[in-house]
Amino acid sequence: MAQEYPGGLSDGTLDINGNNIPVKIYSTTELGDLSAFPDRAINNNVVVILNESNFEPAYYNFGASTLSRFRDSKYQFFDKNFKLIDTPVTKDNITTFKYAVKSAKPITDSDKVELETPFNIWDRQKGYN
């Protein structure tokens, strides 16, 4: 969950090749809420943090459908190191999807991307960032 959560969104900065772009950050552990998020009236500059609870193996079809909704809404997907994922989702790779980003200008494979937040993003159950 985002630390600053009023309205469900936190503020952050997406650093793309040294250019700082203000973004809204969204995260939830509820797959239904995540699936509905692409319908919200947020145009661009959004980062959605995806987590393991969003893609439990027993709910693979729903998770894959959710990622498809994001893709249809012009989100791009990234792994934990903000490397672009441009391959279709499969049962074997669904857990590598860590971020969904919607920006005014599409991000390319050669872009260097980092997320900067005023809070740490960490997994309490595992105890690390």
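In strand 6, Val46 has Lys102 as its bridge partner. Let's start from that pair. One caution: this is a predicted model.

Val46 belongs to strand 3, residues 46–49. Strand 6 covers residues 99–102. How do strand 3 and strand 6 pair? They run antiparallel, with four bridges between them.

Strand 3 also pairs with strand 2, residues 19–27. Here the two strands run parallel. Four bridges join them. Look at Ser27: opposite this residue, in strand 3, stands Ile49.

Now the side chains of strand 3. Which way do they point? Val46 and Val48 go one way. Val47 and Ile49 go the other way. Are these four buried or exposed? All are buried.

On to charges. How many salt bridges does the structure hold? Three. In general, side chains of opposite charge can pair when their charged atoms come close.

Take Asp11 and Lys24. Their side chains meet in a salt bridge, at 2.4 Å from N to O. Asp11 sits in strand 1, residues 10–16, and Lys24 in strand 2, so the pair ties together parts 13 residues apart in sequence. Asp11 is partly exposed, at 46% relative accessible area. Lys24 is partly exposed too, at 35%.

Next, Asp39 and Arg69. This salt bridge is 2.5 Å, N to O. The pair links distant parts of the chain, 30 residues apart. Asp39 is in the loop between helix 1 and strand 3, and Arg69 is in helix 2, residues 60–72. Asp39 counts as exposed, at 59% relative accessibility. Arg69 is partly exposed, at 29%.

Then Glu114 and Lys112. Their side chains meet at 2.4 Å, N to O. Glu114 is partly exposed, with 36% relative accessible area. Lys112 counts as partly exposed as well, at 49%.

Last, confidence. The mean pLDDT of the protein is 85. Of its residues, 86% reach 70 or more. Which element has the lowest mean pLDDT, and which the highest? Helix 1, residues 31–36, is lowest, at 90. Strand 4, residues 76–78, is highest, at 97.

And where does pLDDT stay under 50? Over residues 122–129. For that stretch, the model has seven contacts beyond four places in sequence. As a rule, where pLDDT is low, the predicted coordinates should not be read in detail.

How values were computed. Residues are numbered from 1 along each chain as its sequence is written. This is a predicted model: local features need pLDDT of at least 70, side-chain atom pairs count only at pLDDT 80 or more; totals for chains, interfaces and linings use all residues. Side-chain values use heavy atoms; hydrogens and water are left out. Buried means under 20% relative accessible area, exposed over 50%, partly exposed in between (1.4 Å probe, protein chains only). Two strands pair if DSSP finds at least two bridges between them. pLDDT is the predictor's confidence in each residue, from 0 to 100. Contact means heavy atoms within 4.5 Å. A salt bridge is a side-chain nitrogen of Lys or Arg within 4 Å of a carboxyl oxygen of Asp or Glu.
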